[in-house]
Amino acid sequence: MPSGGQEELRLVNQLIQHRDVKDTVNEYNRAASNYEQEFPVEVLGGPRFATEAVLDLFPDDGAIPRGQLNVLDVAAGTGLVGQRWCVNSENAWSSITIADFWQLYDAGIKNLDALEPSSEMIKIAQSRGIYQRIIEDMIGHHRIDVEDNTYDLVVVAGAFGPGHCPLTALDEMIRVCKPGAARNR
Ligand SMILES: C[S@@+](CC[C@H](N)C(=O)[O-])C[C@H]1O[C@@H](n2cnc3c(N)ncnc32)[C@H](O)[C@@H]1O
């Protein structure tokens, strides 16, 4: 359950204090099992803002049906941006209620891949059964295992900050995104 502002602040500070991304990944490996209880989607703005922006860019009745889009969720974490299921207050997997309109999969985006460096976060993301391919890697430090111009859209939430994605991650995100992809609507 949400533990109140102070505890969340303590966890955020813990997650962003590392300058080396490998230490950050270790921290997420430790935090993974409690991540969604500590940062519920009702509190965590990132997944909501990111998905709202994507769904606004590609409306249900837009020129490109959402089902045809190839999307990469960078720094996917436990999968809150894709989010077929979430953990409820009894700490059990449940179908979404409040977050129904904050996620990509049920909005029709089924060709969804993820990139995430924390193996423990990946286990949870994998269990959602919404990602076709999960790439266990970090972005911004080297070339990721994705061809140029692969995706119609690349989305990232809550991952730019100390010890997380460096600005060079943007170059790599642009490389794997089709030219002009987000304008094709
Ligand atoms: C605050 S979580 C956000 C997860 C998810 N996007 C969300 O909104 O719930 C940040 C995530 O970024 C990942 N991360 C940190 N540095 C990264 C990097 N350089 N490349 C890719 N992912 C990274 C972490 O492992 C962690 O899962």
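A residue counts as buried if 20 or more other C-beta atoms lie within 10 Å of its own. The legends below refer to a predicted model.

Figure 1. Leaving aside neighbours within four places in sequence, the contacts of Val156 are Val74, Ala75 and Cys165. Leu72 lies 84 residues from Val156 in sequence, yet the C-alpha atoms of Leu72 and Val156 are 8.5 Å apart.

**Figure 2. The largest nonpolar core, with 41 residues.** Val71, Val74, Val154 and Val155 have the most contacts inside this core. At least two core residues come from each of the helices H2 (21–31), H4 (45–57), H5 (119–127) and H6 (168–176), and from each of the strands S1 (70–74), S4 (111–115) and S6 (153–156). Beyond four places in sequence, Val74 is in contact with Leu115, Ile139, Val154, Val155, Val156, Ala159 and Met173. In soluble globular proteins, nonpolar side chains tend to be buried together.

**Figure 3. The shell of 25 residues around the ligand.** Ala75, Gly77, Met138, Ala157 and Gly158 come nearest to the ligand. By residue class, the shell holds 17 nonpolar, 7 polar and 1 charged. Helices H2 and H4 each supply at least two of the shell residues. The largest share, 4 residues, is that of H2.

**Figure 4. Helix H2, with its buried and exposed residues.** Thr24, Val25 and Tyr28 are the buried residues of H2. Seen down the helix axis, these residues fall within an arc of 100 degrees, so they line one face of H2. Lys22 and Asp23, on the other side of H2, are exposed. An α-helix has 3.6 residues a turn, so residues three or four places apart point the same way.

**Figure 5. Helix H5 and the elements packed against it.** Met121, Ile122, Ile124 and Ala125 are buried in H5. Their directions fall within an arc of 165 degrees when seen down the axis of H5, so the buried residues line one face of the helix. The elements against which these buried residues pack are H2, S4 and S5. Just after H5, Gly129 has a positive phi of about 70 degrees.

**Figure 6. Residues 96–101, where pLDDT stays under 50.** For this stretch the model has 9 contacts beyond four places in sequence. Over the protein, pLDDT averages 84, and 82% of the residues score at least 70. Where pLDDT is low, the predicted coordinates should not be read in detail.

**Figure 7. The setting of the close-ups within the protein.** The secondary structure comes to 6 helices and 6 strands. Read from the N terminus on, the order of the elements is α-α-α-α-β-β-β-β-α-β-β-α. The protein has 185 residues, of which 37% count as buried. Among contacts with a separation of 6 or more, 69% are between residues 24 or more positions apart.

Notes:
Residues numbered from 1 in each chain as written. Predicted model: local features only at pLDDT ≥ 70, side-chain atom pairs only at ≥ 80, totals over all residues. Core = buried A, V, L, I, M, F, W, Y, C linked by C-beta atoms within 7 Å. Buried ≥ 20, exposed ≤ 12 C-beta atoms within 10 Å, placed from the backbone. Contact = placed C-beta atoms within 7 Å. Near = placed C-beta within 6 Å. Nonpolar A, V, L, I, M, F, W, Y, C, P; charged D, E, K, R; others polar. Arc of directions from axis to C-beta. pLDDT = per-residue confidence, 0-100.
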